[in-house]
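Please look through the sequence and the structure shown below, and then read the report that follows them.

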Protein chains: 2
Amino acid sequence: MRNQNIIMERAIARLLEERKYLVVKDILITMLPGEIAGIFRALKSEQIPVLFRLLPKELAAKTFVKMDPEEKELLIHGFSDSSLREVLDELYADDVADLIEEMPANVVKKILDTAGSDMRRSVNELLKYPDNSAGSIMTTEFIRLAPDMSISECISSIRNSGVNSDTIYTCFITENGVLKGRVTVKDLLLAADDDLPVRNIMDSNIAAVTTLNDQEEVAALFNEYDLPVIPVVDRENRLVGVVMFDDAMEIMEEEATEDMEIMGGMSPSEKNYIRSSVFDLFRQRIPWLMLLMISATFTGMIITGFETALAAQVALTAFIPMLMDTGGNSGSQSSVTVIRAISLGEIKFSDLPMVLWKELRTAVLCGASLSVVCFFKIILIDRMLLGNDGITLTVAAVVCFTLIITVFLAKSVGAVLPLAASRMGFDPAVMSSPFITTIVDALSLLVYFETAKILLRL
Amino acid sequence: MRNQNIIMERAIARLLEERKYLVVKDILITMLPGEIAGIFRALKSEQIPVLFRLLPKELAAKTFVKMDPEEKELLIHGFSDSSLREVLDELYADDVADLIEEMPANVVKKILDTAGSDMRRSVNELLKYPDNSAGSIMTTEFIRLAPDMSISECISSIRNSGVNSDTIYTCFITENGVLKGRVTVKDLLLAADDDLPVRNIMDSNIAAVTTLNDQEEVAALFNEYDLPVIPVVDRENRLVGVVMFDDAMEIMEEEATEDMEIMGGMSPSEKNYIRSSVFDLFRQRIPWLMLLMISATFTGMIITGFETALAAQVALTAFIPMLMDTGGNSGSQSSVTVIRAISLGEIKFSDLPMVLWKELRTAVLCGASLSVVCFFKIILIDRMLLGNDGITLTVAAVVCFTLIITVFLAKSVGAVLPLAASRMGFDPAVMSSPFITTIVDALSLLVYFETAKILLRL
């Protein structure tokens with residue numbers, strides 16, 4: 001599919017240069033908004049407004065939503081007031097609200113000046129909710145019915161609503177603004193008697209979120225209930241909007257990407273990789289690298305503290321990387337598992353005893369197996385095959401004992417820290433491999449040298 | 001929400017013990033299938049069939065789908081043929097196909113013996129598609145219309161279809177089985193003239209997948225097109241099923257979890273954390289720990305090879321953990337970013353030059369900044385504050401030079417390996433932090449000691 005896009009991008013760029021606009025238009029109307037947005041990404045900036053003007057009104061608006069912020073800004077700067085108004089009229093209020101959030105102040109002013117007063121009111125409504133809340137992602141366009149309307153009145157109300165969106169398939173019944181129930185177009189179409197009040201067939205047992213719920217929780221609800229749309233209510237249970245499944249999908253993807261970025265030791269970014277400049281990547285990555293480098297000072301101090309012992313038994317140095325890596329890997333296994341389980345709502349802080357008990361038993365199994373294999377590896381490979389005589393049975397014992405303790409510590413730290421972070425209101429993903437590796441490194445080196453001092457009488 | 005569940009679980013368990021079945025039934029019908037499945041998870045196994053029999057037929061089937069395999073198996077063993085048949089009749093063919101895939105052979109036999117012949121045919125149809133393909137996740141229940149049907153005929157065809165699912169809102173138009181177009185219930189309801197043939201209002205420009213497309217690609221399409229349902233066609237473009245948005249959401253979540261598990265150095269598992277036994281976790285984790293521990297032999301060999309140099313300059317040992325960790329973190333930043341971008345379809349192998357160029361420039365920026373800070377840290381803290389006289393300006397220079405090279409190598413390896421893996425048909429997530437750390441450790445130690453030998457004349 002991507003290969004086709006490249007061929008298509010080249011073809012359209014060439015046709016635009018040759019001013020064969022009608023041909024381009026005929027091609028564009030066979031394509032989907034997401035595909036057209038892909039074409040824009042590949043064009044030179046002076047070609048972007050030309051191509052955009054070739055799109056029919058509705059397709060233009062749908063494509064606009066799918067475009068990258070830089071291209072949107074470029075287009076808005078070039079628009080006359082009337083053509084900007086045309087595009088805005090085709091957009092949903094939540095898309096305009098999103099647009100306003102990503103545009104610089106002068107562009108925002110142009111948008112608000114141009115938008116109709118209805119649109120402006122809906123957008124301001126949405127903008128007052130905190131970032132990443134259900135209120136900020138909901139749409140205010142949906143069908144509202146009264147409990148006493150008959151089924152045929154409901155159907156004609158839908159036909160006349162002019163709501164131009166997939167939200168029409170689930171309608172909500174309110175009384176004085178308060179959410180009372182839900183009815184689907186399917187229920188209305190399949191109802192036996194068209195004169196019954198909708199109250200009789202509505203489903204009054206429905207999941208709703210409040211405007212201030214976190215978007216991640218909202219997305220998790222979609223997964224739990226398999227619904228196409230979830231209503232959003234205010235504190236008085238009045239219906240103020242709905243969140244659609246496609247917005248929830250986007251959020252799930254964003255949140256998973258964000259978690260992975262944080263777990264990989266980066267600040268999360270809303271730009272995708274291709275759009276990120278080298279400087280964006282630098283800013284995302286350097287704070288963590290700096291922090292973790294500085295905290296490695298402690299590990300350095302521990303090694304310096306045991307310099308005499310190390311000088312007496314140089315063979316010990318050779319196992320430092322293996323102990324550190326195994327500790328890091330064991331800790332990261334536990335932390336990734338626990339972080340993901342927290343994200344998916346499977347566990348929370350009060351499950352700490354259960355999680356810790358499970359991780360500790362796993363640690364014993366893993367530590368013991370690793371230790372046995374490591375012992376034979378040290379004796380058979382390092383000592384006999386590679387002929388390193390500094391490696392005595394006692395050295396092997398020190399290494400293997402440290403290994404068990406390291407795995408045990410790593411899995412405890414990896415299980416406890418993410419849960420503790422979530423309890424304290426931090427993102428648990430912060431407590432992932434890079435952070436845990438630093439802690440486990442220091443702990444395992446301490447155990448290693450203390451054990452060596454005792455067993456090897458250094 | 002979870003707290004409410006715990007209270008509810010306790011209440012229901014107690015009411016069941018007191019045999020207050022009618023009260024339990026009244027509570028259950030106010031709950032959603034996902035919530036009821038949560039209650040089952042908390043019950044003793046002898047209570048499970050009792051509670052299940054209290055559920056009304058449709059709710060029972062919906063709850064059954066949401067239950068864990070162990071509980072499903074337990075229930076099926078206890079079912080009479082007629083009650084199993086009742087549950088199966090309420091399920092969609094794709095749910096039954098999923099069920100068959102997760103049940104042991106004797107249970108599968110019982111299911112197939114009991115299911116009606118229509119159901120058996122649909123299920124077998126679905127089962128012949130490879131795991132994780134579009135064919136294996138599609139449902140075969142959807143509305144099929146002919147191009148010449150009038151709009152009013154279409155509406156009554158939907159009303160009479162008996163298809164009891166949200167798939168009815170998007171209907172597909174086929175001619176001799178071949179997919180011709182799509183029409184939504186909204187289009188039908190809002191159409192001006194009920195006598196027009198549906199051919200006139202259908203959208204013939206639609207995205208479809210084939211039965212053998214990977215489920216991850218299918219989920220990505222949902223994100224690209226914001227559609228509630230995507231049609232699945234065979235090689236002759238005949239429509240054979242549809243994939244619903246809720247199945248796509250589940251897949252996105254599963255795939256993200258799988259990627260994170262692999263990135264954290266674990267084999268992916270389909271069980272959630274709470275359901276995983278200690279032995280499950282052990283089996284998921286030990287192969288990677290073993291492999292990575294054994295490969296650390298190389299790092300050990302490198303250190304052993306430079307034992308004499310290290311003995312002459314013991315201060316060098318103190319910086320080994322910092323260099324290894326910074327290398328590991330830099331590499332993991334790049335690999336996580338690249339792996340996620342591959343998963344989301346943003347980049348592929350042919351983008352390697354672009355990715356590498358971006359990562360290398362970022363590496364230079366990160367490496368240079370780290371190196372400058374590190375130099376001052378070594379001189380001001382390690383040498384002057386902590387009074388470690390072994391740390392000369394030359395030692396600091398060796399460490400900082402190695403740091404730049406390490407970051408450079410780590411970012412190159414972290415960018416190239418995941419893309420190379422995807423090219424060779426492996427899951428790119430395998431090429432993540434643990435694996436890359438092992439490679440980068442060995443490389444950075446080599447650079448460290450070789451630089452030390454030259455600059456410190458060891």
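Two strands count as paired if DSSP finds at least two bridges between them, where strands (E, at least two residues) and helices (H or I, at least four residues) are DSSP runs numbered from the N terminus. By this rule, chain B holds an open sheet of three strands in the order β4-β5-β6, with mixed pairing. Because β4 (209–210) and β6 (239–244) of chain B stand at the edges with a single partner strand each, one side of each is left without a neighbour in the sheet. Strand β5 (residues 229–233) of chain B pairs with β6(B) in the antiparallel sense over five bridges, and B:Val232 has B:Gly241 in β6(B) as its bridge partner.

This is a predicted model, in which local features need pLDDT of at least 70 and side-chain atom pairs count only at pLDDT 80 or more, whereas totals for chains, interfaces and linings use all residues. Residues are numbered from 1 along each chain as its sequence is written, and chains are lettered from A and ligands numbered from 1 in the order in which they are written.

| Helix | Lies across | Angle |
|---|---|---|
| α14(B), residues 215–225 | β4, β5 and β6 of chain B | about 140° to β5(B) |
| α15(B), residues 245–263 | β5 and β6 of chain B | about 60° to β6(B) |

Between the chains, helix α19 (residues 320–343) of chain A packs with helix α16 (residues 278–305) of chain B at an angle of about 160°, their axes being 9 Å apart.

How values were computed:
Two residues are in contact if their C-beta atoms, placed from the backbone, lie within 7 Å. Axes are lines fitted to C-alpha atoms, for helices over the stretch in contact, and angles run from 0 to 180 degrees between N-to-C directions.
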